[in-house]
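This report describes selected surface features and charged contacts of one protein. Please consult the sequence and the structure shown below while reading.

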Amino acid sequence: MFLFLLIAMVVVVAAVTLAVVGGGDSAALPEAAPEQLVDPLPAGRPVGRADVEAIRLPVSPRGYRMSEVDDVLSRLGAELAERDARIAELESALAGAQARRVGGPGLFTKPGEERDR
């Protein structure tokens with residue numbers, strides 16, 4: 001009985017293997033078209049959180065395509081650097097305006113003295 005089950009199992013495995021490999025008249029599976037990154041990052045406005053969350057990087061047989069990941073990361077890095085520069089510029093302008101307001105023309109006069117004009 002054991003020999004019969006062993007032979008039956010070998011026949012079933014061989015039949016399944018032939019069917020999968022292409023032992024029939026049907027053609028092999030067609031090649032899947034490679035996924036391409038459709039750049040969802042907007043060109044005409046700054047990148048927002050929703051834009052970053054909408055990114056879906058295409059997968060290749062060995063993982064993500066490094067060139068497309070690098071392109072997205074470099075674009076995001078450039079956007080962040082631009083925002084950081086703008087924030088620093090605005091903070092500097094704000095600090096200058098606050099310093100002028102706090103340290104106006106009467107900063108070094110004693111209380112009760114009139115300043116010379």
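## A pair within helix α3

Glu89 and Arg86 are separated by about one helical turn, because they lie 3 residues apart in helix α3. In this predicted model, the two residues form a salt bridge, and their closest N and O atoms are 2.9 Å apart.

Arg86, with a relative accessible area of 43%, is partly exposed.

How many salt bridges does a search of the whole structure find? The search finds 2. Besides the pair formed by Glu89 and Arg86, the side chains of Arg75 and Glu79 meet in a salt bridge, at 3.5 Å from N to O. Arg75 and Glu79 are 4 residues apart in helix α3, which spans residues 66–102, so about one helical turn separates them.

Is Glu79 buried or exposed? Glu79 is buried, because its relative accessible area of 14% is under the 20% limit for buried residues. Arg75 has a relative accessibility of 22% and so counts as partly exposed.

## A nonpolar patch

Phe2, Leu3, Leu6, Ile7, Met9, Val10, Val11 and Val13 make a nonpolar surface patch of about 820 Å². One of these residues, Val11, is placed in helix α1, which covers residues 2–21. Val11 counts as exposed because its relative accessibility is 52%, and the term applies to values over 50%.

Conventions:
Residues numbered from 1 in each chain as written. Predicted model: local features only at pLDDT ≥ 70, side-chain atom pairs only at ≥ 80, totals over all residues. Heavy atoms only, no water. Patch = residues over 30% accessible without salt bridge, like charges linked within 9 Å, V, L, I, M, F, W, Y side chains within 5 Å. Areas by Shrake-Rupley, 256 points an atom, 1.4 Å probe, with all protein chains shown as cover. Salt bridge = Lys/Arg side-chain N within 4 Å of Asp/Glu carboxyl O. Helix = DSSP H or I, 4+ residues; strand = E, 2+ residues; numbered from the N terminus. Buried < 20%, exposed > 50% of the residue type's maximum accessible area, 1.4 Å probe, protein only.
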